[in-house]
Amino acid sequence: MDKLLIYGASGHGKVVLQVANELGFECSGFIDDDESKSSFAGLSVHRTSILASHSDTAIFIGIGSNDIRKSIAKKFPESNYAKLVSNYAVVGPDVNINQGTIVMPGSVINDGTTIGAHVVINTSASIDHDCVIGDFVHVAPNGTLCGDVHVGEGSFIGAGATIIPGVRVGRNCIIGAGSTVLRDVLDNTTVVGNPARSLS
């Protein structure tokens, strides 16, 4: 049984623990910078100093914020980051998923899709064929990417948002919850509504 430490003793970390348990990992506890936390979800909470003595233990960054996940991954680049794909997700045989990424229960990812590192594919998200999702992206629950959608590094796709086929979403974008994206979105842009329009 593989051992796992989850970085982030919070709500998202609790769901990561659920998927890790489902996959048969032996969770050794959480890591958190908040020194007031000593236990969470029935497990011990450690400080980052534990990493030096647990080099053989897999790590997963269980934090929903793209920026925070990225900063932790950059701070500990040599760590052995796990990949967690729920048994209750449907993932095609021709899908490439990189380290540090989680695919939550109920999600569907179809063939030809590539998903970067430290990505969150949240509960019941739908990623259709030939999509390309950059590192540190978060697709929130029930987010839908139709075929051949590209999403740049660090972007956030809100709950229930839909992106139609062939659209390109740039880096560090925010797609508001429930939005329908019909055209390309430039880097560092927030769009909301149906059809989605820029707030900038």
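Let's start with a pair of side chains: Arg168 and Asp148 meet in a salt bridge, 3.6 Å from N to O. The two sit in distant parts of the chain, 20 residues apart, with Arg168 in strand E20 (residues 168-169) and Asp148 in the loop between strand E16 (144-145) and strand E17 (150-151). Keep in mind that this is a predicted model. Here's a quick tour of the rest.

**Salt bridges**
- The whole structure has four salt bridges.
- Back at the opening pair, Arg168 is partly exposed at 30% relative accessibility, and Asp148 is partly exposed too, at 31%.
- Glu153 pairs with Arg171, and their closest N and O atoms are 3.9 Å apart.
- That link also spans distant parts of the chain: Glu153 is in the loop between E17 and E18, while Arg171 is in the loop between E20 and strand E21 (174-175), 18 residues away.
- Through shared partners, Lys70, Glu153 and Arg171 end up in one salt-bridge network.
- Glu153 counts as buried because its relative accessible area, 18%, is under 20%.
- Asp32 bridges to Lys37 at 4.0 Å between the closest N and O atoms; Asp32 is buried at 14%, and Lys37 is partly exposed at 26%.

**The sheet**
- Eight strands make an open sheet with mixed pairing, in the order E6-E9-E12-E15-E18-E21-E23-E24.
- Its edges are strand E6 (84-85) and strand E24 (197-198), each pairing on one side only.
- Inside it, E15 (residues 138-139) and E18 (residues 156-157) run parallel over two bridges, and His138 has Phe156 as its bridge partner.

**The largest pocket**
- The largest pocket holds about 170 Å³ of space.
- Its lining includes Val181, Arg183, Asp184 and Ser198, and splits into six nonpolar, two polar and three charged residues.

Conventions:
Residues are numbered from 1 along each chain as its sequence is written. This is a predicted model: local features need pLDDT of at least 70, side-chain atom pairs count only at pLDDT 80 or more; totals for chains, interfaces and linings use all residues. Side-chain values use heavy atoms; hydrogens and water are left out. On a 1 Å grid over the protein atoms alone, a cavity is a set of points where a 1.4 Å probe fits but cannot get out, and a pocket is an open set with protein on both sides within 12 Å along at least five of seven lines; lining residues have an atom within 4 Å of a point. Grid points are joined across faces, edges and corners, and a volume is the space filled by probe spheres set on the points. Ala, Val, Leu, Ile, Met, Phe, Trp, Tyr, Cys and Pro count as nonpolar, Asp, Glu, Lys and Arg as charged, and the others, Gly among them, as polar. Two strands pair if DSSP finds at least two bridges between them. Helices (H or I, at least four residues) and strands (E, at least two) are DSSP runs, numbered from the N terminus. Buried means under 20% relative accessible area, exposed over 50%, partly exposed in between (1.4 Å probe, protein chains only).
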